[in-house]
Amino acid sequence: MADKPEIASLSTDAAHPARGDTIEEVTGTGTRPAIIADATSGHGYVPVQTRNARFSSTDVTAFPPVTGREATWKLTPIADLADLIDGELDGTRYEIAATTSGGAEITWVGRDDERIGTAGIPEDKAAANAWSSFREALLVRLTGEEPTGATIVRSGLGGIARGAHTIIDASRFSKGVVVLDNRGDAHLAENVEILVGDGADLTVVSLQDWADGAKHVANHFAQVGRDAHLKHVVVSFGGSVVRVNPSVTLAGSGADGDLLGVYFADAAQHLESQVFLFHKGDHTKGRVEYRGALQGEGAHTVWIGDVLIGPDATGTDSYEQNRNLVLSEGTRADSVPNLEIETGDIAGAGHASATGRFDDEQLFYLQARGIPEEIARRLVVRGFLSSIVQKIGVPELEVRLHEAIEAELEGSAS
Amino acid sequence: MSTLAISDLHVSIETDQGTKPILRGVDLAISSGETHAVMGPNGSGKSTLAYTIAGHPRYKVDSGSIRLDGQDVLAMTVDERARAGLFLAMQYPVEIPGVTVSNFLRTAKTAIDGTAPAIRGWVKDVRQSMEALRMDSTFAERNVNEGFSGGEKKRHEILQLELLKPRFAVLDETDSGLDVDALKIVSEGVNRAKESSDLGVLLITHYTRILRYIKPDFVHVFVAGRVAEEGGPELADRLEDEGYDRYVAAAAASA
C-alpha cells in the first residue's frame, strides 16, 4: 500500500470558463506504488480504500439513500435520476429489434440463470435498483470460432422508468461483435454483464443515440478470461442525462482490454462514464481511451478512470487517458484519472488527462493549406473524435458514427 | 508573371521576457520561376520570415510590407494567403489526429480551387505524385503526419506542393533531418513542381547540401534578422567553404 495519494481533477467550470488553451495536463508513468482511493473527494486526504473494496449488493434496500455526496454520485445530477436510483422500475420484457450473424443467439432468460451475477455486483443504488427490478434478462450468446455478430436496437423503450439486465456470453475461443444500439426516448436503469471466455475476442459497443429527453444509467460488468480480448466501446451522443459506467476485470493470465469511449455533449446535456479497469491476472494489458467534445451552455461531461493493478498482476501493461475538446464557453468537463498499483513488478502503467481548446497549430496548418477557419475547426473536431472511432474496427458502425459526429457538428454550427 | 515583394519587414514575438524583435528590415523580391535560397545560422530569423509570410499568429509585424502582385498579403488571413497562391512547406509539420491524408488533400484542393476536383483525375494525380515521391499507397489512409517519420513528413509537404500548385512556395528547412536518398526524392519533387508551373521558390536552409539538387538563382545570407549579403549561386559555394562566422562577427561588431 502506498502512502501518497495523488489526486488529479481537471475541469473547466461553468462559473470559471477556461480562457487558456490547454488547461492542465497530467501525465504519469512508472512503477512506483501509488494509491488513490477516492479522487472525487476534493478535501485533502481521504481514507485509503482500494477501488475493488467498495460496498456492493444486488439489493437496492441495502444501499442508503443517495445524497449526492457519494464518490460515485458527486458529479451526477441525481435529482434528474431520482426514480431510476430508488423509484419503482418496470422490469418486464421490452421490445427489441435484433439482427444476428454467424450463429449468435439472442434469448430471454430468468433470474435463476447461473450466469447472472458472475461478471459483477452493483456498487451503486441505481444499479442495485435495476438488479432488484428486472424479471428476465436478455441473453446474447456467441459460440464457435467463426466470426459472429449481434445488433440489438432498442428504440421503443418510451418514457416509463425501466430496470433491465443483459448478459453477453462469449464462449471460449469465440469471436464476435455485439452492438447495443439505443435510440428514441428512454428512462432506463440497467446492468450489462459481459463474460469473455478464455481465448475469446469480443467487441461490445454501447451506442447512446437517444432522443433529447432520455435518461439512462448503465453499469457494464465484464470478466475477461485467459488470453481473451475485450474491446468495449461507449459512444454517447444523445439523451439528457446519460451515465454508462464500465467495470472490466482482466481476470485471466494474458487478458487484454481496450476500453474506448467517445462523446459529444451539447447544451444542458450530461454525459458521464466512470471507468474501472481491474488488472487481476498476470501479464494483462489494458488501454483506456475516452475522448469527448463539449459545446453549448451547460454541457457537462464526467470521466473518472480508475485503474487498479492487483497484487497478482505481475507483468501488467496499462495506460489510460481522457481528452476533452472544449468548443464554447459555459461547458464543464470533469476528468479524473486514478491509478492504484499493488505490485512492484509491472511492465508499465500510466495515465493522462487533458482538457483544452483547439490546438492553434493544427488550425494554422490546415489554414495554411487554404482551408477556411470554420471548416478547419470542424475537421479538427471530427478528427479528434474519429481517432477513437477508427479503433472500433467495425466498418459499418464506423460509417454510422462518422455520420452521427457529422450531425453533432451540424447541430452545433447552427 | 508574379512577384512576391518583401520590403523593410520588421517582425517581433512576445516572450516571457517581453517583446523580442526578430526581423530588422528585410528586403526581398521573388519573381515567378526564380529560386531564391535564404541561408543563415541558427537564430538568424529565417523561420520567422517563413512563418510571417504564411501568417502565423505568433509573429507580429511591426512595420514593412509583403505584397503579392501589389496585393497586401499582411491584410489576408492565413487561408486567404494560401488561396492567393502562397505555400509554406513546414519544418515541423503538425499532426492532425483522425484526419486522413486523402481527406485532407481533397479538402485543401477544394478550398484552393474553389470547387471540388473531378474525382477520377484527382485520384490519378494523387497516385502519380505519391509514386514519384516513393510514398506507399497506404499513406493516403493514414492520419495527417501522425506517426510519420521525419522523411515521410517532408515528402508529405512536397506532395501538397505538387498537388496544390501554388505560385510561390516557401520551403522552411525542408532538408533538415533528411538522409541523402530522401533529400534527392524531395528535391526532385520541388524541381518537378518548378518545371510543371512557373513556381517561385524561397528555399530556407542552414546547409548548402540541398543546393546541389535544387539550383538557386539567387542566394541571400541572413544574419541577425536582415539580409547581410546577396549574390548568385557562387555565394553558396563560398559559404560552404567559409561558414557564417564572418557575418556573425560583423553583425556582433555593428550591434
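A polar contact is a pair of N or O atoms within 3.5 Å, where, within protein, one atom must be able to donate a hydrogen and the other to accept it, and residues adjacent in sequence count only if both atoms are side-chain atoms. The model is predicted, so that local features need pLDDT of at least 70 and side-chain atom pairs count only at pLDDT 80 or more, while totals for chains, interfaces and linings use all residues. Residues are numbered from 1 along each chain as its sequence is written, chains are lettered from A in the order in which they are written, and side-chain values use heavy atoms, with hydrogens and water left out.

**Exercise 1.** Find how many residue pairs are in polar contact across the interface of chain A and chain B, and how many salt bridges.

*Solution.* Begin with the polar contacts, of which the rule finds 11 residue pairs, both residues being at pLDDT 80 or more. Next, apply the salt-bridge rule (a side-chain nitrogen of Lys or Arg within 4 Å of a carboxyl oxygen of Asp or Glu), which gives one salt bridge across this interface. Finally, identify the partners: Arg369(A) and Glu157(B), whose closest N and O atoms are 2.6 Å apart.

**Exercise 2.** Determine how many residues of each chain are in contact, and how the residues on the side of chain A divide by type.

*Solution.* With contact taken as heavy atoms within 4.5 Å, 19 residues of chain A meet 34 residues of chain B. Sorting the chain A side then gives nine nonpolar, seven polar and three charged residues.

Methods. Nonpolar A, V, L, I, M, F, W, Y, C, P; charged D, E, K, R; others polar.
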